[in-house]
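Please consult the sequence and the structure while reading.

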Amino acid sequence: MWDSEIELPEPADTEGLGAALAAELRAGDLVVLSGPLGAGKTVLVRGIARGLGVAGPVTSPTFVIAREHRPLPDGAGVPLVHVDAYRLGAGGVDVAAELDDLDLDTDLAEAVVVVEWGEGVAERLAARHILVRLHRRPDDVRVADVHRVHAGAGAATEPAP
């Protein structure tokens, strides 16, 4: 799944990618999602939530900005913090400052943090992160590129394990 273009013809495929990604995630991991409206970011988070075994329906937290999902008794034991940075920076407010106000670096110690619309801002929360870029082709097939990124390495990615 690393450093390759993955076709996702159906929403179930996008959720399946999220579940597969969840199998690789541990508390302290940051996942940054990028892509236009309708690319499948929230659907991917649903798959991550399913893979982690957390409670609650996963919907876009556009208006609440962040939502925490606690682990179910039979889940992986790792909470999921789902953030939507789309509305941050409205009215000329500094997006980075608003993200800092959410205190997500504290959540990173104990949870998997997934930030929709986070590319270019959320990377500063951790020394390494997973970047998932999603887009939708004209034939309505979603496509994902998944990369491990280290701070200070720019766009350099870590080879897949």
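Q: Which residues of α2 meet residues of α1?
A: On the α1 side, the residues taking part are Pro11, Thr14, Glu15, Gly16, Leu17, Gly18, Ala19, Leu21 and Ala22, where contact means heavy atoms within 4.5 Å. The model is predicted: local features need pLDDT of at least 70, side-chain atom pairs count only at pLDDT 80 or more, and totals for chains, interfaces and linings use all residues. Residues are numbered from 1 along each chain as its sequence is written, and side-chain values use heavy atoms, leaving out hydrogens and water.

Q: What is the orientation of α1 and α2 to each other?
A: The axes, which are lines fitted to C-alpha atoms (for helices over the stretch in contact, with angles from 0 to 180 degrees between N-to-C directions), come within 6 Å and cross at roughly 45 degrees. Angles under 35 degrees count as roughly parallel, over 145 as roughly antiparallel and 65 to 115 as roughly perpendicular, and the rest are oblique. The two helices are therefore oblique.

Q: Is the crossing of α1 and α2 left-handed or right-handed?
A: A crossing is left-handed if the near helix is turned anticlockwise from the far one by less than a right angle, and right-handed if clockwise. The passage of α1 across α2 is right-handed.

Q: What pattern does the protein chain follow along the sequence?
A: Helices (H or I, at least four residues) and strands (E, at least two) are DSSP runs, numbered from the N terminus. The protein chain has 4 helices and 7 strands. Their order is β-α-β-α-β-β-α-α-β-β-β.

Q: What distance separates the end C-alpha atoms of α1?
A: The expected span of a helix is 1.5 Å times one less than its number of residues. For the 12 residues of α1 this should give 16 Å. The model agrees with that value, as the end C-alpha atoms are apart by 17 Å.

Q: Which residues is Gly18 in contact with, leaving aside its neighbours within four places in sequence?
A: Gly18 lies in helix α1, and it counts as buried at 0% relative accessibility. In sequence Gly18 and Val43 are 25 residues apart, while their C-alpha atoms are 8.1 Å apart in space. With those neighbours set aside, the contacts of Gly18 are Leu44, Gly47 and Ile48.

Q: Is Thr42 buried or exposed?
A: Thr42 has its place in helix α2. Beyond its neighbours within four places in sequence, it is in contact with Val58, Thr59, Ser60, His82 and Glu116. Its relative accessible area is 16%, so Thr42 is buried.

Q: How far apart in space are Leu37 and Arg136, C-alpha to C-alpha?
A: Leu37 is placed in the loop between β2 and α2, and at 62% relative accessibility it counts as exposed. In sequence, Leu37 and Arg136 are 99 residues apart. In space, C-alpha to C-alpha, the distance is 9.3 Å.

Q: What is the phi of Asp140, a residue other than glycine?
A: Most residues other than glycine have a negative phi. Asp140, in the loop between β6 and β7, has a positive value, and at 41% relative accessibility it counts as partly exposed. Asp3, which lies in the segment before β1, also has a positive phi, near 55 degrees. For Asp140, phi is near 75 degrees.

Technical notes. Buried means under 20% relative accessible area, exposed over 50%, partly exposed in between (1.4 Å probe, protein chains only).
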